[in-house]
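My notes follow the order in which I looked.

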Amino acid sequence: MKLINKELRIETTNRCNAKCSLCPREKLTRKLTTMPLKHFKYLVDQGKELGVTTVSPFGFGEPLLDSTLVQKVHYCTHEKLDTFITTNASLLNVDIASRLLKAGLKHIRFSVHGLFAQDYERVHKGLRFVNVMRNIFNFIAMNSGKFDGACKTSVTVIPTAGEEVEDIREHWEHRVDELSVWKPHNWVTGRDYRDIHSKPTEEPLLVKKKRMKTCGRSDRGPVQIQADGTVIPCCFLTNSELVLGTTYKNSIEEILKGEKYEKFRRAHKKGKLGKYPCVNCDQLNQDDEPLLYTNRGVGKGATSSIKFNLGG
């Protein structure tokens, strides 16, 4: 078996040092933990056998809280695999930045929702805007200078204070390699930013908007493993609402080919999702483009996840 899309996403820790209003961390009930380096290597080795070329050591947590993150990045580099993390950058001091770059980090994405301190700190509760911006700019300077731009830099922005896309572009686009601007999403049922089209409307004469049968993640991924080793179908199910296997009992391939995952895929293909949390997910909204702007060249229908397909 080989994965057609080559990303393996491993949440190395689900701990976070912020309480951002966009994230439903106050509803998190799963145990806070950090994946041991040994198990991470075990998963990476399996991923490599499945044809993975990129390992993303992050999930619903701040990856820089993992004290073994640099070692994990270095292991992937040693195995000739690229690495990609998303971070709030609050802990990305010069020392950590240098160590990550020396370890061979290939892509870093900063989550920065707010162009000014007051707006940013209203969303990213517990973080300081000035510290985060200093860390990001120091990383960019170090990467483009000493490391000759070896690490791709990206910024993701969700406008929360009426920011115009053009203002966001003017602030970020000349500083980073990639910029994406998104509407906020619901984390399935964690938040309520977007209407679910299939839900009854209070205006019966209003034409109901359509829903898709599937978002495609059921068989296009990415492969998503949580810090405790459990496999979930997508990054929006942050609280283990749907666990499809555990890598402490079965291999990644066995889980992906297992009956539980197969039943889940069949339900998506038929659009019969009543037994799954996906039925309440805003990612099934049809003709409701969540991507406001990107210079990545991915066009309409892009999602915040890199996708995979299962090969034979």
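**Entry: model.** I am working from a predicted model.

**Entry: α1 and α2.** I started with helix α1, residues 37-49, and helix α2, residues 69-78. Their axes come within 10 Å. I read a crossing angle of roughly 25°. Angles under 35 degrees count as roughly parallel, so α1 is roughly parallel to α2. I also noted the hand of the α1 and α2 crossing, which is right-handed.

Which residues make the contact between α1 and α2? On the α1 side I listed L37, F40, K41, V44 and D45. On the α2 side I listed Q71, K72, Y75 and C76. I then sorted this contact of α1 with α2 by class and got 5 nonpolar, 1 polar and 3 charged residues.

**Entry: α3 and α5.** Next I took up the pair α3 and α5. The axes of α3 and α5 come within 10 Å and cross at roughly 35°. The crossing of α3 past α5 is right-handed. From α3, I found V94, A97, S98 and L101 in the contact. They meet N138, F139, M142 and N143 of α5. How many charged residues does the contact of α3 with α5 have? I found no charged residues there, with 5 nonpolar and 3 polar.

**Entry: α5 by itself.** I checked the length of helix α5, residues 129-144. At 1.5 Å a residue, its 16 residues should span 22 Å.

I then asked which residues of α5 are buried. My list is F129, V132, M133, N135, I136, F139, I140, M142 and N143. An α-helix has 3.6 residues a turn, so residues three or four places apart point the same way. I kept that in mind while reading the list. What do the buried residues of α5 pack against? I found α3, the strand β4 (107-111) and helix α4 (117-123). Strand β5 (152-157) and helix α6 (165-172) are also packed against by these buried residues.

**Entry: D95.** I went back to helix α3, residues 94-103, to look up D95, which is found there. D95 has a relative accessible area of 45%, so I logged it as partly exposed. I also took its separation from H197.

**Entry: K263.** K263 lies in helix α9, residues 259-270. Its relative accessible area is 44%, so K263 is partly exposed. I compared its position with that of M133. K263 and M133 are 130 residues apart in sequence and 45 Å apart in space, C-alpha to C-alpha.

**Entry: positive phi.** Last, I looked at two backbone angles. K80 is not a glycine, yet its phi is positive, near 65°. Where is K80 placed? I found K80 in the loop between α2 and β3 (82-87). Is K80 buried or exposed? K80 has a relative accessible area of 74%, so it is exposed.

S240 is not a glycine either, and I read a positive phi of about 60° for it. S240 is found in the loop between β8 (230-232) and β9 (245-246). With a relative accessible area of 23%, S240 is partly exposed. Buried means under 20%, so S240 does not count as buried.

Conventions
Residues are numbered from 1 along each chain as its sequence is written. This is a predicted model: local features need pLDDT of at least 70, side-chain atom pairs count only at pLDDT 80 or more; totals for chains, interfaces and linings use all residues. Side-chain values use heavy atoms; hydrogens and water are left out. Axes are lines fitted to C-alpha atoms, for helices over the stretch in contact, and angles run from 0 to 180 degrees between N-to-C directions. Helices (H or I, at least four residues) and strands (E, at least two) are DSSP runs, numbered from the N terminus. Angles under 35 degrees count as roughly parallel, over 145 as roughly antiparallel, 65 to 115 as roughly perpendicular and the rest as oblique. A crossing is left-handed if the near helix is turned anticlockwise from the far one by less than a right angle, and right-handed if clockwise. Contact means heavy atoms within 4.5 Å. Ala, Val, Leu, Ile, Met, Phe, Trp, Tyr, Cys and Pro count as nonpolar, Asp, Glu, Lys and Arg as charged, and the others, Gly among them, as polar. Buried means under 20% relative accessible area, exposed over 50%, partly exposed in between (1.4 Å probe, protein chains only). The expected span of a helix is 1.5 Å times one less than its number of residues.
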